[in-house]
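Open the model in your viewer and keep the selection tool at hand. The stops below run along the chain.

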Amino acid sequence: MKNGNCTVLALTLFGLGLTATQSRAQSIYTPYAFTNFAGQPGVSGSTDGIGQAAQFYFPHGVALDSATNLYVADTQNHVIRRITPARVVTTIAGSAGKHGNVDGVGTGAAQFNSPIGLSVDSAGNLYVGDTGNQTIRKVTSAAAVTTLAGQVGVIGSTNGTGSGASFNGPQGTSVDSAGNVYVADNVNRTIRKITPGGAVTTFAGSTGLQGTNDGVGSVARFRQPVSLAVDGADNLYVVDSGGETVRKITPGGVVTTFAGTGGLSGTNDGVGSAARFTNPQAVALDGAGNAYVGDSGNNTIRKITPGGVVTTIAGNPGQSGSVDGTNNAALFSSPRGVAVDRATNIYLASGDSTIRKLTLVATN
């Protein structure tokens with residue numbers, strides 16, 4: 001049966017009052033094969049190598065460049081890793097096991113402190129939410145690391161330029177078409193904006209005020225924003241983990257709830273506010289504007305169409321593991337980072353210290 005027909009079937013059955021499990025079984029209609037791309041399940045380390053010969057330690061944010069190299073914020077190793085399409089893993093910046101705040105080039109000089117967020121711009125520069133340092137770092141394609149904004153070790157919510165600004169638990173980052181960097185400033189419960197010149201402002205939310213309210217700019221409220229993605233029209237998608245929702249912010253700062261209902265967790269597939277998430281941690285977009293969410297508490301990958309239709313495409317709620325397979329036959333552990341390439345393959349940073357890959361299977 002074609003995808004469109006299956007979508008209609010899934011939504012119709014859900015509307016007729018099927019349970020979340022029954023509806024989810026209907027919604028898994030796009031065949032994705034789930035395999036281990038790099039790392040060893042349950043084995044933590046910092047070894048570079050090919051595929052399963054490499055090791056990670058609590059990997060989090062992931063991002064792809066134009067050559068389909070995958071970059072990983074390897075949080076507890078305090079480094080940034082690169083994985084080529086051939087699965088060759090190398091450490092490009094930071095020193096494994098050594099946390100610090102030093103700018104410099106490559107692995108010999110630069111240091112990070114629990115990097116979580118990661119994004120890449122059109123020139124191949126990386127932007128890192130260096131959470132433990134309370135800063136946003138920039139890594140060029142030549143692995144030169146500088147501090148773009150924030151004061152090392154200083155917690156705050158001050159707007160300003162470069163080191164004149166302060167953050168509180170910055171995590172996810174994303175870059176728009178003009179080179180502005182957006183930051184999920186987690187503990188401040190705000191979304192911050194950094195211009196290419198390093199000027200930091202508060203784009204949405206109000207410092208220290210939590211909630212699930214939609215609205216414009218400072219009228220909106222977030223609970224725990226953790227991950228960001230920008231679409232082709234520069235709309236920003238925000239995973240509000242504590243709010244159990246995915247939010248959308250227009251370039252003009254208008255905040256709406258794209259999927260889920262504030263404060264309500266669950267596993268339901270459905271449209272917009274009818275869907276439920278549990279501790280979502282990551283979001284990425286494909287070229288067609290579909291959003292893919294690492295639904296960490298449910299151990300699943302969810303897909304949201306531009307129209308807000310939420311389906312479960314891989315994993316089973318409540319079942320954690322590292323089993324390869326197709327769609328709900330695959331199991332993984334607490335997905336924390338998601339990236340999507342131009343072929344709509346999905347890359348996932350998993351809680352079992354691996355990087356997993358979901359490949360779209362061709363059908364007749």
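Start by colouring by pLDDT. This is a predicted model. The protein chain has a mean pLDDT of 91, and 91% of its residues reach 70 or more.

Now select residues 1-28. Here pLDDT stays under 50. The model has 34 contacts beyond four places in sequence for residues 1-28. Where pLDDT is low, the predicted coordinates should not be read in detail.

Next, the sheet. Five strands make up an open sheet, ordered β2-β6-β5-β4-β3. Their pairing is antiparallel. Select β2 (49-50) and β3 (59-64) to see the edge strands. Each of these pairs on one side only.

Move to β4, residues 70-74, and β5, residues 79-83. Five bridges join this pair in the antiparallel sense.

Step back to Thr 68. Thr 68 sits in the loop between β3 and β4. Its phi is positive, near 65°, and Thr 68 is not a glycine. Buried or partly exposed: which is Thr 68? Thr 68 has 22% relative accessibility, so it counts as partly exposed; the cut-off for buried is under 20%.

Last stop: Ser 353. Look in the loop between β29 (346-350) and β30 (354-360). Ser 353 is another residue to check for phi: the value is positive, about 65°, although Ser 353 is not a glycine. Ser 353 counts as buried because its relative accessibility is 5%.

Methods
Residues are numbered from 1 along each chain as its sequence is written. This is a predicted model: local features need pLDDT of at least 70, side-chain atom pairs count only at pLDDT 80 or more; totals for chains, interfaces and linings use all residues. Side-chain values use heavy atoms; hydrogens and water are left out. pLDDT is the predictor's confidence in each residue, from 0 to 100. Contact means heavy atoms within 4.5 Å. Two strands pair if DSSP finds at least two bridges between them. Helices (H or I, at least four residues) and strands (E, at least two) are DSSP runs, numbered from the N terminus. Buried means under 20% relative accessible area, exposed over 50%, partly exposed in between (1.4 Å probe, protein chains only).
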